[in-house]
Amino acid sequence: MGNRGMEDLVPLVNRLQRALRGARQSGSPRVPQIAVVGGQSAGKSSVLESFVGRDFLPRGSGIVTRRPLILQLLSGDEEYGEFSHCKGKRFTDFDEVRDEIEAETQRLTGSNRGISAVPISLCIHSPHVLNLTLVDLPGITKVPIGDQPADIEYQVRDMILQVICKENCLILAVTPANTDLANSDALKLAKDVDPQGQRTIGVITKLDLMDEGTDARNILENRLLPLRRGYIGVVNRSQKDIEGKKDIKAALLAEKNFFESHPAYKHMAERTGTAYLQRVLNQQLTNHIRDSLPAIRSLLQSQLLQLNQEAHQYQQNPPEDAARRTAMLLRSVQRVAADFEKLIEGSRDEVDTVNLSGGARINKIFHERFPCELSKFKSDERKLRREITFAIRNTHGVRTGLFTPHMAFEAIVKKQISRLKGPCVQFVEAVSRELLATVYQCLRELGSYPKLQEETERIVITEIQEQEGRCRDQVLLLIDLQLAYVNTKHEDFIGFNNTQQCRLSNKKTVAAMAGNHGVAPPSRLIVLRRGWLTISNMGLLKGGAKEFWFLLSAESLSWFRDEEEKERKYMLPLDNLKLRDVEKSFMSRRYVFAVFNTELRNVYKDHRCLELTCDSQEELDSWKASLLQAGVHPDQAPPVDGGGAPETFGDPQVERQVETIRSLVDSYMSIVYKTFKDLMPKTVMHLMINGVKEFIGCELLARLYARGGAGGSALMDESPEQRRLREAVLRNHAALKEALAVVGSFSTSTCTTPLPPPVDSSWIRPPSPTRPFGRGHAPSPPRVPAHRAPPGVPRRIPPAVPNRK
């Protein structure tokens, strides 16, 4: 062609394609290539064989090409074929090439005439070819034949579209001259993916088979249905020539004589034929390659940068080097220790925004789950009061006690403390489970070395279990310390003597306050509950229902004007008070309960009962529980469980003692709960979390050295998956480096031909049913004026569309 730079580009692209095929990396750049598209029996195989000058493609009826064939033509001194799946084997007999294509196709597609998108790569070296890279695709079909899949048409179309939709693919649309050009499936598919026509070249075959008196001159002159890159006509061997083993060289000579002697084509003979098509494709492919080089180079460089660090790591750590294995073991253990500490301390570079992990989950156990478990001990009020009643009566024996027994208080307190063993042990176990989950998360990094991962997991889990046992013993010791001595002199404890003094003080002030509501209550009252309630039966004299701020203590029920508790409205003693439910009215949304005096006295001025309302059932239940704690029981006491339980609500003196011990137990247990809420996280943090963290950071490596033998290098055997990954990374890295070197050797100082101007290709659509083109006959060309082409571009007909009106 007189352009050596162009002739060198295509072989370099073939080298680049082979290099990228070895990389097998997702997102690898697609090298420019030419895809041959056409219907069945359109002459695609004959065109390709004419390029090579040899018979090497399978032939037959139906879909013969059932896998894409990547055909690389390289000019050279020797003539042979070479498959990528048979590396190192040269095929000098092209009949064997055909047999190998059929065998390889059969291997994947089977015998049901199905298709596969996995390509076959064939490289042909020959002194009779120009450098080209072509992709032979299955012929477009409409109807399944034999046992082909019912959707064979859509499978073929999808396969073709996946190839030609790529911007770096030139489309060679092959259409036989003896069919209607407007119905060409190849041109329609090309139009779908290349609407501007920048990548489509039309090829018209079987010109010698047109009906007598017809020709395709208007098509080849690009005047009938214009394409931007135009059409090129070729004449292939007929089926009779193929069966008669007619030589391709003779067929090419006959083709040349046909165009030079045909009256319709002899004026364009130098722009037709297989040789001209081959030169045009070589030039177009070379131009396309040069335009694609910057993007290919940029993508290769970015992929190489991504692989550099990983490849360098694998190169520095070969699995057979004992010293390198030991160094890798050291780095792996250090990474596990660092990851574990970061997960516990919450200092990882990548923060999980979906789930809690590591230290955050342990923190939730410390400050949410454990306090919640402790609060459950305060919920069963009825059971606790029953236990206190049994304890009081059992400590009195046959005598009637005048004072609250101290032994009953200690028995109840110790029983309550003993119940802490369950939640405290569960607390330790929960933290241990989170530590194990954190360790498993860190050990995922060692998945490449299964022996190291297994041994590390076994050692660390054993250590966590030992630390858990020591921590459990320490926690049980803390509970035993609490059981050993009940400290009633604690500064936060409401002592027994103070409570009695408070009761006497309250009794003396109740009478004085009955007529004077402004006297402040004693400072040592045991406050059980505060909140807003509405008195619903105050009557018309007071303006109906009113809302007040209520304060419930162990001795009285008071209400105030507001939350500041400065202006007391009334204080009602709890002696002889009972509680009963009141049904709410149909229209009311509030919940009602009432308190009344068992001696039929007025509880408030001239009211025999005080009806109180609140906003929710939960609030109502909470007030009832608080009143029960203060000794105000329901009008009908609930039945006591079997087992000889005494009637707890029949003896006012026992009821008062129960209430006193109940308050004292609450006060003392709140101190115990507060102590355990503080000590449990500290104990677990010191004995378990910090202990495990120190073990992984300091002792784990020594244990692995001792058990791994030869400095622990025996633990660094790769898993099969890791070995394959390492080999793939190194292979991809080498292939990308080779591909970049190939791209760097490209010469861009090549001549080029500018792309022809756009044409109107809107004709590529199904024809109107009222005006179909005659089969084998070309319609009259549209009348369009000639125009002067720009310099360097041949004079051509401007774009035009036939007037269909």
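Visitor: At roughly what angle do the axes of helix α4 and helix α5 cross?

Guide: This is a predicted model in which local features need pLDDT of at least 70, side-chain atom pairs count only at pLDDT 80 or more, and totals for chains, interfaces and linings use all residues. Residues are numbered from 1 along each chain as its sequence is written, and side-chain values use heavy atoms, with hydrogens and water left out. Helices (DSSP runs of H or I, at least four residues) and strands (E, at least two) are numbered from the N terminus. Axes are lines fitted to C-alpha atoms, for helices over the stretch in contact, with angles from 0 to 180 degrees between N-to-C directions. The axes of α4 (residues 152-164) and α5 (residues 185-193) come within 10 Å, and they cross at roughly 50°.

Visitor: Which residues of α5 do Arg157, Ile160, Leu161 and Ile164 in α4 meet?

Guide: Contact means heavy atoms within 4.5 Å. On the α4 side stand Arg157, Ile160, Leu161 and Ile164, and their counterparts in α5 are Leu189, Asp192 and Val193.

Visitor: What is the strand order of the open sheet of 8 strands?

Guide: Two strands pair if DSSP finds at least two bridges between them. The pairing here is mixed, and the order is β12-β11-β10-β9-β15-β14-β13-β16.

Visitor: Which strands stand at the edges?

Guide: An edge strand has a single partner strand, so one side of it is left without a neighbour in the sheet. The two are β12 (568-573) and β16 (633-634).

Visitor: Which residue in β15 stands opposite Thr534?

Guide: Strands β9 (residues 527-535) and β15 (residues 609-614) run antiparallel, joined by 2 bridges. Opposite Thr534 stands Thr613.
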